[in-house]
Amino acid sequence: MRVAMLAGLGLIGGAVAYRYRAGTVQAATDAIDMVKGNLMQTGIDLENANLRAFLRMIRYSEGTDGAHGYRMLFGGRLFSGYADHPRISVRASGYTSTAAGAYQILSRTWDDVRDGLKDFGPASQDEAAARLIRRRGALDDVYAGRFADAVRKVAREWASLPGSPYGQPVRTMAQVTAAYAAAGGSFGSMTT
């Protein structure tokens with residue numbers, strides 16, 4: 001009942017849904033305060049519809065958009081606990097990687113962007129991915145719906161995106177565009 005009520009008010013989504021699992025209205029209120037505080041601290045609006053859709057597209061592209069995506073290691077095994085990045089080196093498909101979580105963040109990358117994040121939980125992973133998007137100069141493109149520009153800029157961050165130079169299997173632009181649109185992303189005009 002409470003979930004339906006909060007969903008009807010538009011309060012279930014992203015970090016709010018993760019934090020609501022505590023089972024109280026206070027947990028949902030705390031999550032809303034966390035999102036507002038995040039915007040004031042980092043300048044990143046995790047509730048922006050285009051950013052949420054872009055993050056969902058990355059999870060799709062990385063193969064982590066399922067129920068356990070935030071707990072997935074490179075190669076598909078799951079880790080337990082969100083206290084910190086799991087820092088497990090996995091060898092699979094001819095590659096060795098410490099990539100973990102919904103955005104397959106490497107342990108050394110996590111160390112670079114984790115400042116102020118209390119754990120490796122879903123909300124922190126979303127924030128870290130948004131910081132990586134900003135670090136690649138694509139956050140304003142994402143907000144404005146300049147999808148192809150944003151993908152081009154972050155392709156060096158996520159090996160599964162079209163244009164990635166890493167030689168790993170990649171999604172096509174049509175696939176990631178469809179995933180972004182399905183997640184509710186809007187498209188603005190491209191820049192040159």
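Before I start, one cut-off to keep at hand: a residue is buried under 20% relative accessible area, exposed over 50%, and partly exposed in between. The model I am looking at is predicted.

**Entry 1**

I found Arg 87 in the loop between α4 and β1 (90-92).

Next I went to Ser 93, in the loop between β1 and β2 (95-97). Ser 93 is not a glycine either, and I noted a positive phi of about 55° for this residue. Is Ser 93 buried or exposed? With a relative accessible area of 70%, Ser 93 is exposed.

**Entry 2: the whole chain**

I then stepped back to the overall layout. I counted 9 helices and 2 strands in the protein. Walking along the sequence, I read the pattern α-α-α-α-β-β-α-α-α-α-α. Of the 192 residues, 44% are buried. For contacts between residues at least 6 apart in sequence, I noted that 49% join residues at least 24 apart. The accessible surface comes to about 9600 Å², and carbon and sulfur atoms account for 53% of that surface.

**Entry 3: α4 against α6**

How do the axes of α4 and α6 cross? I have helix α4 (residues 49-62) and helix α6 (residues 122-135) with axes that come within 11 Å and cross at roughly 100°. That makes the two helices roughly perpendicular.

I listed who meets whom: from α4 come Leu 51, Phe 54, Leu 55, Ile 58 and Arg 59, and from α6 come Asp 126, Ala 129, Ala 130 and Ile 133. Sorting the residues of this contact gave me 7 nonpolar, no polar and 2 charged.

**Entry 4: helix α9**

Which residues of α9 are buried? In helix α9 (residues 173-182), I found Val 176, Ala 179 and Tyr 180 buried. Looking down the axis of α9, I saw the buried residues fall within an arc of 100°, so they line one face of the helix. On the face turned away from that buried side, I noted the exposed residues Ala 174 and Ala 182.

I also looked up what covers the buried residues of α9, and the cover includes α4, α7 (139-144) and α8 (147-154).

Key: Residues numbered from 1 in each chain as written. Predicted model: local features only at pLDDT ≥ 70, side-chain atom pairs only at ≥ 80, totals over all residues. Heavy atoms only, no water. Helix = DSSP H or I, 4+ residues; strand = E, 2+ residues; numbered from the N terminus. Buried < 20%, exposed > 50% of the residue type's maximum accessible area, 1.4 Å probe, protein only. Contact = heavy atoms within 4.5 Å. Areas by Shrake-Rupley, 256 points an atom, 1.4 Å probe, with all protein chains shown as cover. Axes fitted to C-alpha atoms, helices over the stretch in contact; angles between N-to-C directions. Parallel < 35°, antiparallel > 145°, perpendicular 65-115°, else oblique. Nonpolar A, V, L, I, M, F, W, Y, C, P; charged D, E, K, R; others polar. Arc of directions from axis to C-beta.
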